Amino acid sequence: MTTNRQFRLKARPVGRIKPTDFELVEGPVPTAGPGQAVARLLYLSLDPTNRIWMTDMEQYMPPVQLGEVMRGGGIARVVESQLPEYPVGTLVTGLTGWQDYVVLDAGSSAMLQALPPGLPVPPQAFMGALGVTGLTAYFGLLELGQPQPGETVVVSAAAGATGSVVGQIARIKGCRVVGIAGGAEKCRWLTADLGFDAAVDYKAPGWQAALRAACPKGIDVNFENVGGEIMDEVMSGMNLGGRVVLCGMISGYNDSAPMRGRFDLILMKRLRVQGFIVIDFMPRFAEGVMQLAQWYLSGELKHRDTVVDGLENAPTAINMLFDGSNVGKLLVKVSDEQGTSDEQGT
Ligand SMILES: NC(=O)c1ccc[n+]([C@@H]2O[C@H](COP(=O)([O-])OP(=O)(O)OC[C@H]3O[C@@H](n4cnc5c(N)ncnc54)[C@H](OP(=O)(O)O)[C@@H]3O)[C@@H](O)[C@H]2O)c1
């Protein structure tokens, strides 16, 4: 490949993200100068937070500025290096951006971490179950939700990257696990393949009654990914002193109106509601990855990816997160290399 394609933010989206919100800029593949390395993207991660970064609302990182390369997580392999910490063949994960090639320098370690060689899992696992969404599930559920054996945990967007891991960890911890997801096929996957005790299709009529029936002892922990009507319904079924892990409110991200919730229920049920961003737990990421990897390798934690081919499709594929056409982690395959991390350095 001789061209580096970059998607730069051209306009702040109104409603759904449109391809015209980006400009595709093509330039030569960068070369590594002294103290630099160049890595080629294998996979780009598409995440609901990309929509937030495109706005100038108050948020946890600076918004992407117009004209900048779109920020995004990814996994890339170093193809040229004058940087001893990142030899050729190293896999790096982190904020690669929406482009074919990313340049690393001595200050890159906060943005792009090198993976140790010899890991017996495919690279894309570090985008999902062993990556940011897996860590979000792990720290959000265990640290904030503090689920106890026998308690009922409800998770929304349950068939997505974060929700599917939340439910499986709650199951490992001995909880009754109820997922909320859009469509019968997603619900079947949750119960038949991932071991959820029940799954509620919020697109089917009468889903509110189905949710109550699935939680006969009430709800102790709500891992909230969606917000809006779904959050209100789950909160109204919670037990006194329940915990709400406020992870995301995707139902409001395409809307400019403020996201709202039922403060009356928080009061009456004495709920503990806590928002968090996974980077709050960055100093403990290694611990989280180790545990997730153990469950993954033992078969206790399953994962699924929805992979869209070609960087050129990222601006349209991002909307799959908002129409629910992804199952598990949504990724864009940017280049063809299929190596596992075992092949590093070869
Ligand atoms: N706090 C953090 O640090 C952090 C980190 C990662 C993710 N998150 C949040 O976690 C949530 C899930 O993120 P993810 O990356 O794992 O994405 P994901 O769950 O893999 O994909 C998003 C899913 O959300 C559901 N959805 C979209 N719009 C909806 C709506 N209006 N009503 C109900 N469901 C809707 C869709 O599933 P259905 O087919 O079921 O509708 C879709 O598949 C998001 O809110 C995200 O912002 C937070």
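1. The largest cavity in this predicted model holds about 50 Å³ of space. With a threshold of 30 Å³ or more, the count of cavities comes to one.

2. The lining of the largest cavity is made up of G128, A129, T133, A161, S164, V165, K302, H303, R304 and K329. Helix α3, residues 161-172, gives the largest share of this lining, with three residues. Sorted by class, the lining has three nonpolar, four polar and three charged residues.

3. The ligand is surrounded by 28 residues. The closest of them are T162, K186, Y202, V278 and N326. Helices α2 (132-145), α3 and α10 (320-323) each contribute at least two residues to this shell.

4. The shell around the ligand contains 16 nonpolar residues, eleven polar residues and one charged residue. For the lining of the largest cavity, the corresponding counts are three nonpolar, four polar and three charged.

5. At C247, a polar backbone atom is 2.9 Å from a nitrogen atom of the ligand.

6. On its own, the ligand exposes 900 Å², and 90% of that is buried by the protein.

How values were computed:
Residues are numbered from 1 along each chain as its sequence is written. This is a predicted model: local features need pLDDT of at least 70, side-chain atom pairs count only at pLDDT 80 or more; totals for chains, interfaces and linings use all residues. Side-chain values use heavy atoms; hydrogens and water are left out. On a 1 Å grid over the protein atoms alone, a cavity is a set of points where a 1.4 Å probe fits but cannot get out, and a pocket is an open set with protein on both sides within 12 Å along at least five of seven lines; lining residues have an atom within 4 Å of a point. Grid points are joined across faces, edges and corners, and a volume is the space filled by probe spheres set on the points. Helices (H or I, at least four residues) and strands (E, at least two) are DSSP runs, numbered from the N terminus. Ala, Val, Leu, Ile, Met, Phe, Trp, Tyr, Cys and Pro count as nonpolar, Asp, Glu, Lys and Arg as charged, and the others, Gly among them, as polar. A residue is near a molecule or strand if one of its heavy atoms lies within 4 Å of it. A polar contact is a pair of N or O atoms within 3.5 Å; within protein, one must be able to donate a hydrogen and the other to accept it, and residues adjacent in sequence count only if both atoms are side-chain atoms. Accessible areas come from the Shrake-Rupley method with a 1.4 Å probe; for residues, only the protein chains shown count as cover.
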